[in-house]
Amino acid sequence: METVKDRIISFIQLENLTVRGFERSANLSNGAVSKMGNNPRSVIVEKILRAFPKINRDWLVTGEGEMYADNEPTPEISYTEGVPYYDVDFQLGFDELIPPGIENPEYLIKMPGYEKATLWCNVSGNSMEPEISNGDIIALRRVEDFSFLTYGDVYGIITTNGLRTIKRIGRSDNPDCYRLIPTNKAYDDQDIPKEKILIVYRVMGAMKSF
């Protein structure tokens, strides 16, 4: 009989993910998928669906219906309302980039669930693949008070010397640092001193370019 674990593995393979990448995206512990029973706790299900809203809840829990939900939000370009989109890159690695201006966006993006985003922009690089791919458009929400950041979430970080990166935040052995964790395991984890962080955005989501 097919189990919840079997269905998750099917989704991971179809999406060209890794098991650990899936676990990180859903903020699950290392090995959570392999230990998955056929009646996972509701908090586990909610974490998975929050990270992967394209998954059909009924299919995940019971095996009934199709793998993909039919309620994915659809973006709409607007020039009168929505969140501004800037045709600039927010690097996925530690590369210099001129900060995006805020005066003249290309257009506005209306997308259900992303009304509280500060801006949309492009990404480049491979360190967060396949979770966030080169050429994707991401929704960023400015974090005004970043004295505390939630471990497991993905953030866009600009440093005091103008470098910027998008990574998952984890706990560092050094209490004065955050651990920056790439999804793509060809890249190394890296510590960043908290005092070197200038601006923080939470990555609300990503979508393919129009």
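Here is a walk through a predicted model, from its pocket to its cores and then to some salt bridges.

**The pocket.** Start by selecting A51, P53, M204, G205 and A206, which lie nearest the centre of the largest pocket among its 36 lining residues. Helix 3 (42–51) and strand 11 (197–207) are the elements that give two or more residues to that lining, and strand 11 has the largest share, with 6 residues. The space inside comes to about 1300 Å³. Colour the lining by class and you get 18 nonpolar, 7 polar and 11 charged residues.

**The cores.** Next, pick I8, F11, F22, I48, I55 and L60: in the largest nonpolar core, which has 20 residues, these touch the most other members. Helix 1 (4–14), helix 3 and helix 4 (57–62) each supply at least two residues of this core. Now centre on I48; beyond its neighbours within four places in sequence, its contacts are I8, F22, A26, L28, M36, I55 and L60. Then jump to a second, separate core of 15 residues, with Y86, C121, I138 and V154 among them.

**The salt bridges.** There are 8 in the structure. Show E131 and R168, whose side chains meet at 2.4 Å, N to O. E131 sits in the loop between strand 5 (119–124) and strand 6 (137–143) and R168 in strand 8 (163–171), so the pair ties together parts 37 residues apart in sequence. E131 is partly exposed at 24% relative accessible area, while R168 is buried at 4%.

For a local pair, go to helix 2 (residues 19–25), where E23 and R20 lie 3 residues apart, about one turn of the helix. Their salt bridge spans 3.2 Å, N to O. E23 is buried at 2% relative accessibility; R20 is partly exposed at 27%.

Notes
Residues are numbered from 1 along each chain as its sequence is written. This is a predicted model: local features need pLDDT of at least 70, side-chain atom pairs count only at pLDDT 80 or more; totals for chains, interfaces and linings use all residues. Side-chain values use heavy atoms; hydrogens and water are left out. On a 1 Å grid over the protein atoms alone, a cavity is a set of points where a 1.4 Å probe fits but cannot get out, and a pocket is an open set with protein on both sides within 12 Å along at least five of seven lines; lining residues have an atom within 4 Å of a point. Grid points are joined across faces, edges and corners, and a volume is the space filled by probe spheres set on the points. Helices (H or I, at least four residues) and strands (E, at least two) are DSSP runs, numbered from the N terminus. Ala, Val, Leu, Ile, Met, Phe, Trp, Tyr, Cys and Pro count as nonpolar, Asp, Glu, Lys and Arg as charged, and the others, Gly among them, as polar. A nonpolar core is a set of buried Ala, Val, Leu, Ile, Met, Phe, Trp, Tyr and Cys residues joined through side-chain atoms within 4.5 Å. Buried means under 20% relative accessible area, exposed over 50%, partly exposed in between (1.4 Å probe, protein chains only). Contact means heavy atoms within 4.5 Å. A salt bridge is a side-chain nitrogen of Lys or Arg within 4 Å of a carboxyl oxygen of Asp or Glu.
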